[in-house]
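This report describes a single protein model, element by element. The sequence and the structure are shown first.

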Amino acid sequence: MILPDGYSDIPAGKIAAIVTHLEMTERLAIRSDPPGANAWTLRKVAHPTTDWFRELYSRIGAEWMWYARLKLPDAELAAKIQSPGVDIHALMQNGRDEGLLELDFRQAGACEIGMFGVTAHLVGTGAGRFLMNRALELAWSRDVQRVWLHTCSFDHPSALSFYQRSGFRPFRRQIVVGDDPRLDGTAPRDVAKHVPVIE
Ligand SMILES: CC(C)(COP(=O)(O)OP(=O)(O)OC[C@H]1O[C@@H](n2cnc3c(N)ncnc32)[C@H](O)[C@@H]1OP(=O)(O)O)[C@@H](O)C(=O)NCCC(=O)NCCS
């Protein structure tokens with residue numbers, strides 16, 4: 001169904017975001033690593049457990065309304081993150097995991113960056129650029145013709161311009177509607193103040 005022009009009501013208790021899909025269909029030169037990049041390393045997580053994944057996912061994403069993976073039953077989440085076609089990496093600083101990168105190669109010829117972000121104290125420090133540079137090197141080192149991702153209007157406000165500066169081109173826009181995760185205990189009540197609770 002195509003939404004009508006003009007305003008559309010979202011029922012109380014629901015949230016709505018605009019999703020932008022972006023893609024890169026050729027390997028481009030990566031941007032310069034930021035100064036201080038030697039503070040970070042990328043660690044391939046060979047056997048990501050659901051507990052490990054959910055902890056880092058929440059630490060990065062709670063403020064940005066990342067909750068879809070929290071709602072997935074354990075077996076479904078494990079099947080995804082432990083799939084042979086999915087690579088999970090952590091960005092480390094001072095021996096601690098502070099960033100998350102998921103590269104999904106399950107579709108032939110393509111790589112979806114399914115998860116991308118760093119914890120709050122690393123935002124704006126260059127860690128995101130470091131992580132994107134490594135993501136693109138890893139993605140294009142495989143036999144792919146397309147690297148793509150999506151971001152939504154709940155994500156950090158820099159994300160969309162950051163991805164475009166990285167060489168991704170927007171190609172699709174959607175609206176996603178769902179239950180507010182702060183009303184059913186999936187997420188803490190006081191997170192993501194930029195999306196106020198309406199009940
Ligand atoms: C989205 C996100 C990755 C954007 O990253 P960011 O923190 O704004 O970006 P960075 O600080 O790493 O880099 C931004 C720019 O500043 C530059 N920079 C950062 N620190 C610098 C420094 N000390 N000196 C010089 N340049 C610096 C980087 O090199 C980069 O330049 P470029 O984009 O021109 O190449 C990050 O905000 C994030 O992870 N947010 C939380 C989770 C999220 O919303 N993820 C998106 C989900 S789709």
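## Backbone exceptions

M65 is placed in the loop between helix 1 (50-61) and helix 2 (68-71); helices (H or I, at least four residues) and strands (E, at least two) are DSSP runs, numbered from the N terminus. The model is a predicted one, in which local features need pLDDT of at least 70 and side-chain atom pairs count only at pLDDT 80 or more, while totals for chains, interfaces and linings use all residues. Residues are numbered from 1 along each chain as its sequence is written.

The phi of M65 is near 65°, a positive value in a residue other than glycine. Most residues other than glycine have a negative phi. M65 is buried, with 22 other C-beta atoms within 10 Å; a residue is buried if 20 or more other C-beta atoms lie within 10 Å of its own, exposed if 12 or fewer, and partly exposed in between, with C-beta atoms placed from the backbone. A192, in the segment after strand 7 (169-179), is also not a glycine and has a positive phi, near 55°. A192 counts as buried because it has 21 C-beta neighbours inside 10 Å.

The largest nonpolar core has 42 residues, of which L131, A135 and V147 touch the most other members. Such a core is a set of buried Ala, Val, Leu, Ile, Met, Phe, Trp, Tyr and Cys residues joined through C-beta atoms within 7 Å. Helix 4 gives the largest share of this core, seven residues. In soluble globular proteins, nonpolar side chains tend to be buried together. With residues up to four places away in sequence left out, L131 touches L91, G99, L101, F116 and V118; contact requires C-beta atoms, placed from the backbone, within 7 Å.

The buried residues of helix 4 are A127, G128, F130, L131, M132, R134, A135, L136 and A139. They pack against strand 2 (40-44), strand 3 (86-93), strand 4 (96-104), strand 5, strand 6 (146-152) and helix 5. The 14 residues of helix 4 should span 20 Å at 1.5 Å a residue, and the end C-alpha atoms are 20 Å apart, which agrees. The expected span is 1.5 Å times one less than the number of residues.

## Strand pairing

Strand 3 and strand 4 pair in the antiparallel sense over eight bridges, where pairing means that DSSP finds at least two bridges between two strands. A90 stands opposite L100 in strand 4. The two strands form a hairpin with two residues between them, and N94 in the turn has a positive phi of about 50°. Strand 4 is mostly covered, with seven of its nine residues buried. On to its pairing with strand 5: this is antiparallel over six bridges, and L101 stands opposite F116 in strand 5. The hairpin of strand 4 and strand 5 has five residues between the strands, and G109 there takes a positive phi near 80°.

Strand 7 lies largely in the open, because the number buried among its 11 residues is zero. Strand 7 runs antiparallel to strand 1 (residues 14-24), joined by 10 bridges. In this pair L22 stands opposite P170 in strand 7.

## Surroundings of the ligand

Of the 22 residues around the ligand, P34, G117, G126, G128 and H156 come nearest; a residue is near a molecule or strand if its C-beta atom, placed from the backbone, lies within 6 Å of it. Strand 5 (110-118), helix 4 (127-140) and helix 5 (159-165) each supply at least two residues of this shell.

By class, the shell has 10 nonpolar, eight polar and four charged residues. Here Ala, Val, Leu, Ile, Met, Phe, Trp, Tyr, Cys and Pro count as nonpolar, Asp, Glu, Lys and Arg as charged, and the others, Gly among them, as polar.

G61 lies in helix 1 and is buried, with 24 other C-beta atoms within 10 Å. Leaving aside neighbours within four places in sequence, G61 is in contact with W66 and G117. The C-alpha atoms of G61 and A29, 32 residues apart along the chain, are separated by 29 Å.

A75, in helix 3 (residues 74-81), counts as exposed, with 9 C-beta neighbours inside 10 Å. The C-alpha atoms of A75 and T50 are separated by 8.8 Å, and the two residues are 25 apart along the chain.

Terms used:
Two residues are in contact if their C-beta atoms, placed from the backbone, lie within 7 Å.
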